[in-house]
Amino acid sequence: NPTEETTDSARTYTGSSGGRNLQVEILEQPCADTMSGEQFPNRVVVTFDDARYEGCGQDLEYLWEEQE
């Protein structure tokens, strides 16, 4: 079963299936995409088995909120 751990500065989701492990860390740190320069409110680290991927992200709910 997946688990969620929350601190003041991060959310971490961990799970496994079929002997494969996945962990997603969402850190409350500003992040700039290295290719586009676009700014995001979060740094994201995904670890899948022994592979580690880092990037930027934001909550998807922001995409559907109306701008005033």
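How many bridges join strand S2 (residues 10-17) to S3? Eight, and the two strands run antiparallel. That pairing belongs to an open sheet of five strands, ordered S1-S2-S3-S6-S7, with antiparallel pairing. Keep in mind that this is a predicted model, where local features need pLDDT of at least 70, side-chain atom pairs count only at pLDDT 80 or more, and totals for chains, interfaces and linings use all residues. Residues are numbered from 1 along each chain as its sequence is written, and side-chain values use heavy atoms, with hydrogens and water left out.

**The chain overall**

- The protein chain has zero helices and seven strands; helices (H or I, at least four residues) and strands (E, at least two) are DSSP runs, numbered from the N terminus.
- Read along the sequence, that gives the pattern β-β-β-β-β-β-β.
- Of the 68 residues, 16% count as buried; buried means under 20% relative accessible area, exposed means over 50%, and partly exposed is in between (1.4 Å probe, protein chains only).
- The chain exposes about 5,600 Å², and carbon and sulfur atoms supply 48% of that area. Accessible areas come from the Shrake-Rupley method with a 1.4 Å probe, and for residues only the protein chains shown count as cover.
- Among contacts with a separation of 6 or more, 14% are between residues 24 or more positions apart; a contact means heavy atoms within 4.5 Å.

**The sheet and its pairings**

- Two strands pair if DSSP finds at least two bridges between them.
- In the five-strand sheet, ordered S1-S2-S3-S6-S7, S1 (3-6) and S7 stand at the edges with a single partner strand each, so one side of each is left without a neighbour in the sheet.
- Neighbouring strands of this sheet are turned by 15 degrees against each other on average, direction ignored. For such angles, axes are lines fitted to C-alpha atoms (for helices over the stretch in contact), and values run from 0 to 180 degrees between N-to-C directions.
- S2 and S3 make a hairpin with two residues between the strands, and Gly18 there takes a positive phi near 60 degrees. Ser17 has Arg20 in S3 as its bridge partner.
- S3 (residues 20-27) and S6 (residues 42-48) pair in the antiparallel sense over six bridges.

**A nonpolar surface patch**

- Leu22 and Phe48 turn up again here: with Tyr53 they form a nonpolar patch on the surface, with about 290 Å² of accessible area together.
- Patches are made of residues with over 30% relative accessible area and no salt bridge; like charges are joined within 9 Å, and nonpolar side chains (Val, Leu, Ile, Met, Phe, Trp, Tyr) within 5 Å. A salt bridge is a side-chain nitrogen of Lys or Arg within 4 Å of a carboxyl oxygen of Asp or Glu.
- Tyr53 is found in strand S7 (residues 51-57).

**Residues to look at**

- Asn42 is found in S6 and counts as buried because its relative accessibility is 4%. Not counting residues up to four places away in sequence, its contacts include Ile26, Cys31, Cys56 and Asp59.
- Asp49 lies in the loop between S6 and S7. Its phi is near 55 degrees, a positive value in a residue other than glycine. At 27% relative accessibility, Asp49 counts as partly exposed.
- Ser16 has its place in S2 and counts as exposed, at 51% relative accessibility. The C-alpha atoms of Ser16 and Asp49 are separated by 9.3 Å, with the two 33 residues apart along the chain.
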